[in-house]
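Hello,

Here is the structure I promised to pass on to you. Please open it first, and then read my notes below alongside it.

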Amino acid sequence: MAITVGTGITAKKVIVVGSTTQVKQVTVGTPVKRVTSGTFNINTIDGVNTTGATTGSLLIYSTATSTFVASKNLEEQTINGGSY
């Protein structure tokens, strides 16, 4: 028995032999031939400002600049340690 399986883009046949299912091929989208890492760095991400970052700095979102800014000062955070 042959069953047609569709992904909305492609359709492939799956052959069922007895109680065993054999999938011949499944392709979703376009296969990627080559992947390169490029020059990925946190400093190259839009919306992140690491100017002035030092050891121990955190990235904190600033609504004034709509970016994440490196800072050691936690001024507007609420930390809930839970109950013990």
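Among contacts in the protein chain (heavy atoms within 4.5 Å) between residues at least 6 apart in sequence, 0% join residues at least 24 apart. Before you read on, please note that this is a predicted model, in which local features need pLDDT of at least 70 and side-chain atom pairs count only at pLDDT 80 or more, while totals for chains, interfaces and linings use all residues. Residues are numbered from 1 along each chain as its sequence is written, and side-chain values use heavy atoms, with hydrogens and water left out.

The overall picture

The protein chain has six strands and zero helices. Both kinds of element are DSSP runs numbered from the N terminus: helices are H or I with at least four residues, strands are E with at least two. Of the chain's 84 residues, 8% count as buried. Here buried means under 20% relative accessible area, exposed means over 50%, and partly exposed lies in between (1.4 Å probe, protein chains only). The protein chain exposes about 7500 Å², of which carbon and sulfur atoms supply 54%. Such accessible areas come from the Shrake-Rupley method with a 1.4 Å probe, and for residues only the protein chains shown count as cover.

The sheet

Three strands make an open sheet in the order S4-S6-S5, with mixed pairing. Its edge strands are S4 (48–49) and S5, each of which pairs on one side only. Two strands pair if DSSP finds at least two bridges between them. S4 and S6 run in the parallel sense over two bridges: Val48 stands opposite Phe68, and Asn49 stands opposite Val69. S5 and S6 pair in the antiparallel sense over five bridges, and Leu58 has Ser71 as its bridge partner in S6. The hairpin of S5 and S6 has four residues between the strands, and Ser66 takes a positive phi near 55° there.

Around Thr67

Thr67 lies in strand S6 (residues 67–71), and it counts as buried because its relative accessibility is 19%. Not counting residues up to four places away in sequence, Thr67 touches Gly47, Ile60, Tyr61 and Ser62. Its side chain also makes a polar contact with the side chain of Thr65, at 2.7 Å. A polar contact is a pair of N or O atoms within 3.5 Å; within protein, one must be able to donate a hydrogen and the other to accept it, and residues adjacent in sequence count only if both atoms are side-chain atoms.

Ser62 is in strand S5 and is buried because its relative accessibility is 19%. The side chain of Ser62 makes a polar contact with the side chain of Thr65 too, at 3.3 Å. With the sequence neighbours up to four places away left out, Ser62 touches Thr67 and Val69.

The surface

Tyr61 sits in strand S5 (residues 58–62) and is partly exposed because its relative accessibility is 45%.

Best wishes
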